[in-house]
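Q: Hi! I've just opened this one and I'm new to it. Could you walk me through what stands out?

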Amino acid sequence: MSKKIEIKDLNGYRYPENLQYSPDGKYLAFQVASADVKKNDYHRDVWLSENGSAAQFTETVNTTLTGWDDNEHMILQRHTEEDEAGTTVLYRMNVKGGEAKKWLTLPFPAVSFEKVKKDLYYAVGIIKRDDPDAYKDNEETRKKKQEEEKQNKDYQVVDEVPYWFNGSNYTNGQRTALFLISTDKDVKVKRVTGSSFDTGTVKVFGDDIYYTGLAWKLYNPFTAKLYVYHTKTGKTETLFNKKGWNIGNILMLKGKLYVLASDMKEYGTNESSHFCLVTKDGFEMVKDPERSLYNGVAVDTELGGGKNDAQSGDCYYTLATQEDHTEIWKYDSALKQSVLFTQPGSVFFLDVSKDKIAFACETSDSLMEVYEMDHTGKQVKKITSLNTEALKDKYVAKPKRIDYKSNGDSLHGWVLLPQGFSKKKKYPGVFDIHGGPRAVYSEAFFHEMQVWCAEGYVVFFTNIRGSDGRGDAFADVRDQYGNVDYAELMDFTDAVLKKYPNIDKKKLCETGGSYGGFMTNWIIGHTDRFCCAASQRSIASWISESFISDIGVMFSADQCGAKNVYRDTQKLWDHSPLKYAENVKTPTLFIHSDQDRRCPLPEGMQMMQAIAGRNVETRMVIFHGENHELSRSGKPLHRIKRLEEITGWFNKHTK
């Protein structure tokens, strides 16, 4: 009999991140992150692959890959206690050996850094709206300002919205600025964008730096405009200046400039981007990809990230969410699309050289590993075995598909069966609902589900209307929250119980996070068919969510079908689980983080207090210093504690 997957196994997994080819494509560099339980944090090393053979390149010092300076020199960032606050220290390291040498200190916290041409680089860095030229300060002035900040740390002033952002905490007055760094003779730093400007996507084509972003005050509408900075003349040109557009990526195919953009008029804030040709008159929509060009698959075994797309020659390569998995697509210069890689599971990020494509992939019985293939999608080769030992001799439940129909939709989901599953025995069940709602579950390995399966539960999960992978019309559930989605979730539960009648109907547990947390709160107010529930990073009231979430004013009204967030409060309330809290009978655990700015802590508090006031058994666990990403990238011991709390709650009410 195989060994059980245990909660603590999570700290033995390794996570590849940030794939980057050298300019000539000879080397592939990437990071590998692993849990440091003693420090309750993560340690990162850089790995290097040549000719499809990957090996660790750095060790002992916590190191991340920034990029490549040339064909043989990587640009690294080493994270040490000696680094001066408010700066970014970069190192150069030769792939042929030797120590990493301190190379450049940027006088601001850098978000990204990339070479433009010889002796010229750009960086996106964090500045303060009211002190945008702090990067020019001498050491004495910097220290004086830091002392003043320490003295004022006991209070926070906010004068704009959003004043905080998930993963960054309080961001009031912060902006992301585009900088130009010249290293010819003396190092010179120049800020390109204005003091109130937030920089988005940046791409270099030739000598020009194209970028998106928006200058804003008081309220950020989360839209963007398009610009180009000409390095030869030192001048900025505005290419697109209209309001109300969500602009994502920028690409150049055969001399034609394109963006992936949406005006959000047909399907709201969740609308997919279209390929738009940039003309002198604005944007000309030329192709609808009909899918999200990124990885929308939800997992709990991806820590960092990497690029969703890359260009090689006049071809564009991108991830795409297709129904219940991730594919790699190629667009030629005429925007003709072809599928290069497809299989059940998830592809997380990629990079492309002149003849190879590198990507990180996870399947139903394998954790994330790095692969390479050629530009035709053939000769796929796994080049790492980072997690082979982690799952060795362990029982990994394989997803078993269940097809069903609901509201006229043809849908499917999966079940995971415990080891030695017998139709003669009774089993408790766990229904796990994904977030988003525009995300998808796939057949990729999911640690929490495997843990519950190892505990003897039949675990089931599905993609209902509102999920990604089937186009905008299917994903559009505006003004339907708690209606079509709830019906389809219950129909799936019925389909699972019909297929596996030996699941004990009196021992069904339910959980979900973010949108899944909203749905958990909704479910317990509309049925008592579940013996217990675990609501994670949830929403209780769309009214309060509108005015405390980092994306509230923009997102909440849009999703609830409210034309005006200030006057159409009845619609917001009708879609709020809190309205139905008086109906709750289900014992419910609430998991929240006190720095979650997407679904802030008061949302869970409201729901917990509402049902406690009706003497419904409840419990709330608050993680200090964590945000909305607790289950995916929270501190190692916190991720373990979270899963112990949920599993313990299920066991208490089923065993």
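A: Happy to; here is a tour in questions and answers, and please keep in mind that this is a predicted model.

Q: Let's start with cysteines. How many disulfides are there?
A: The count comes to 0 disulfides. Take cysteine 599, which is in no disulfide: the nearest cysteine sulfur belongs to cysteine 560 and is 12 Å away. For a disulfide, the two sulfur atoms would have to be within 2.5 Å.

Q: Is cysteine 599 buried or exposed?
A: Cysteine 599 counts as buried, because its relative accessibility is 3%. Cysteine 361 counts as buried too, at 2% relative accessibility.

Q: Okay, switching to rings. How many aromatic pairs are there?
A: There are 45 aromatic pairs. One of them is formed by phenylalanine 30 and tryptophan 47, and it is stacked, with 6.3 Å from centre to centre and 25 degrees between the planes.

Q: Where do those two sit in the chain?
A: Phenylalanine 30 is in strand E2 (residues 27-36) and tryptophan 47 is in strand E3 (residues 41-50). They are 17 residues apart, and the pair links distant parts of the chain. Both phenylalanine 30 and tryptophan 47 are buried.

Q: Which charged residues lie over a ring face?
A: Arginine 470 is one of them, lying over the face of phenylalanine 474 at 4.1 Å from the ring centre. Arginine 597 lies over the face of tyrosine 170, and there the distance to the ring centre is 5.6 Å.

Q: Let's talk helices. What can you tell me about H11?
A: Helix H11 covers residues 636-654, which is 19 residues. From its first C-alpha to its last it reaches 27 Å, close to the 27 Å expected at 1.5 Å a residue.

Q: How does H11 sit relative to everything else?
A: H11 is largely enclosed by the rest of the structure, because 14 of its 19 residues are buried.

Q: Now pockets. What is the volume of the second largest pocket?
A: Its volume is about 1300 Å³. The lining of the second largest pocket has 31 residues, and Lys128, Lys145, Glu149, Asn172 and Gln174 lie nearest its centre.

Q: Which elements give two or more residues to that lining?
A: Those are strand E10 (120-128) and helix H1 (139-151). H1 gives the largest share, 5 residues.

Q: Which residues have a positive phi although they are not glycines?
A: Asparagine 407 is one of them, with a phi of about 55 degrees. Asparagine 407 is in the loop between strand E31 (400-406) and strand E32 (409-416), and it counts as partly exposed at 49% relative accessibility. Aspartate 479 has a positive phi of about 65 degrees. Its place is in the loop between helix H3 (472-475) and helix H4 (484-499), and with a relative accessible area of 33% aspartate 479 is partly exposed.

Q: Last one: how far apart are aspartate 24 and histidine 653? What is the C-alpha separation?
A: Their C-alpha atoms are separated by 59 Å, and the two residues are 629 residues apart along the chain. Aspartate 24 is in the loop between strand E1 (14-21) and E2, and at 27% relative accessibility it counts as partly exposed.

Note on methods
Residues numbered from 1 in each chain as written. Predicted model: local features only at pLDDT ≥ 70, side-chain atom pairs only at ≥ 80, totals over all residues. Heavy atoms only, no water. Buried < 20%, exposed > 50% of the residue type's maximum accessible area, 1.4 Å probe, protein only. Phe/Tyr/Trp six-rings, centres within 6.5 Å; stacked < 30°, edge-to-face > 60°. Helix = DSSP H or I, 4+ residues; strand = E, 2+ residues; numbered from the N terminus. Lys NZ or Arg CZ within 6 Å of the ring centre and 35° of its normal. Expected span 1.5 Å × (residues − 1). 1 Å grid on protein atoms, 1.4 Å probe; cavity = no way out; pocket = protein on both sides within 12 Å on 5 of 7 lines; lining within 4 Å. Points joined across faces, edges and corners; volume = space filled by probe spheres on them.
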